Amino acid sequence: MTALASISTIQGPQKLGPLTPLVGEWEGDAGVDLSYHNLTDETSETGYYERAVFKPIPIQENGRQTLWGLNYSMTAWRHGEEAMDPFHDEIGFLLWDRENSQVMRNVVFGRGIAVLAGSTAGPRDTTVHFNATPGDPCYGVLQNKYLLERAEIKEFISSFTFHEDDSFSYASDLLLRLAALGAEMRHTDANTLHRVRRFHPGE
C-alpha cells in the first residue's frame, strides 16, 4: 500500500459516528419543495436555495448513555427571493449513540412543530435515516392545535446521504392529512448541499 493510499483510508476516531461528515457550513441551490399552497388551492413544486450550519456540541451524558452530537440550522429561500425573508427555517440537534447504534434528529420548526426522529445506524454509514410517527414513545411528532386540525402529520421520514465530492443530499417526506383536500398527501423536500466552510479550532 502506498503512503497516499494509507492516508486516504485514515478517518480518525469519528466520535460523531455517521454524522462526522456534516461539520461545517453548507449551501445548495437545487432544492425542490412539493406542497399544498393554501392561497392558490393547489399542490405544486417550489425551487429553493438553502444554507445549513452544523456545529459540534458538548458530550451529553444521560446516566450510562453517552451522546455525541451537532447543533444545526437549515434556512431556505424561494428562488428569486434570496434577499427576502426565508420561507423555511428549522433548528435542532443531530445525535449519535454509539453504544446503542442509534442516530437521532431532534428538530423544531417555526410553524409550531417538534420532532424527535431516529433509527439504527452504523458508525461509518453513508446514509442515515430519521423517522418518526405520532404517538411513538421514542421517535414521535408534536404539533400545535391548529395544525393538528388542518394539516395533521401522520408520518415523518427523512434521510441524509453523504457523497465523496464534499456534498450531501437529503430527502424529507411528510404524510399529511389535509382538511382543505379532505385527503392525505405527501409533502416532500429534497436538496443537495456543498460544503463552503470547514470548522477548525481557533476559527
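Predicted model: local features only at pLDDT ≥ 70, side-chain atom pairs only at ≥ 80, totals over all residues.

Me: What makes the phi of Asp-41 worth a remark?

Reply: Most residues other than glycine have a negative phi. Asp-41 is not a glycine, and yet its phi is positive, at about 55°. Its place is the loop between β1 (24-37) and β2 (42-56).

Me: Which other residue has a positive phi although it is not a glycine, and where is Ser-101 found?

Reply: Ser-101 has a positive phi of about 55° and is not a glycine. Ser-101 is found in the loop between β5 (88-97) and β6 (102-109).

Me: Why is Ser-101 called partly exposed?

Reply: A residue is buried under 20% relative accessible area and exposed over 50%, and the term in between is partly exposed. Ser-101 has a relative accessible area of 29%, so it is called partly exposed.

Me: How do you know that β1 and β2 pair?

Reply: Two strands pair if there are at least two bridges between them. β1 and β2 have twelve bridges, in the antiparallel sense, and therefore count as paired. One of the bridges joins Gly-28 to its partner Glu-50 in β2.

Me: What makes β2 and β4 a pair as well?

Reply: The requirement is again at least two bridges. Strand β4 (residues 65-78) and β2 share nine bridges in the antiparallel sense, so they too are a pair. Here Lys-55 has Asn-71 in β4 as its bridge partner.

Me: How many helices and strands does the protein have, and in what order do the elements run?

Reply: The secondary structure comes to two helices and twelve strands. From the N terminus on, the order is α-β-β-β-β-β-β-β-β-β-α-β-β-β.

Me: Why does the radius of gyration agree with that of a compact globule?

Reply: For 203 residues, a compact globule would have a radius of gyration near 17 Å; the protein has 18 Å, which agrees. Along its principal axes, the C-alpha trace spans about 60 × 45 × 30 Å.

Me: What share of the residues is called buried, and what share of the accessible surface belongs to carbon and sulfur atoms?

Reply: Buried residues make up 41% of the 203 residues. The accessible surface comes to about 11600 Å², and 53% of this surface belongs to carbon and sulfur atoms.

Technical notes. Residues numbered from 1 in each chain as written. Heavy atoms only, no water. Helix = DSSP H or I, 4+ residues; strand = E, 2+ residues; numbered from the N terminus. Buried < 20%, exposed > 50% of the residue type's maximum accessible area, 1.4 Å probe, protein only. Rg over C-alpha atoms; globule rule 2.2 N^0.38 Å. Areas by Shrake-Rupley, 256 points an atom, 1.4 Å probe, with all protein chains shown as cover.
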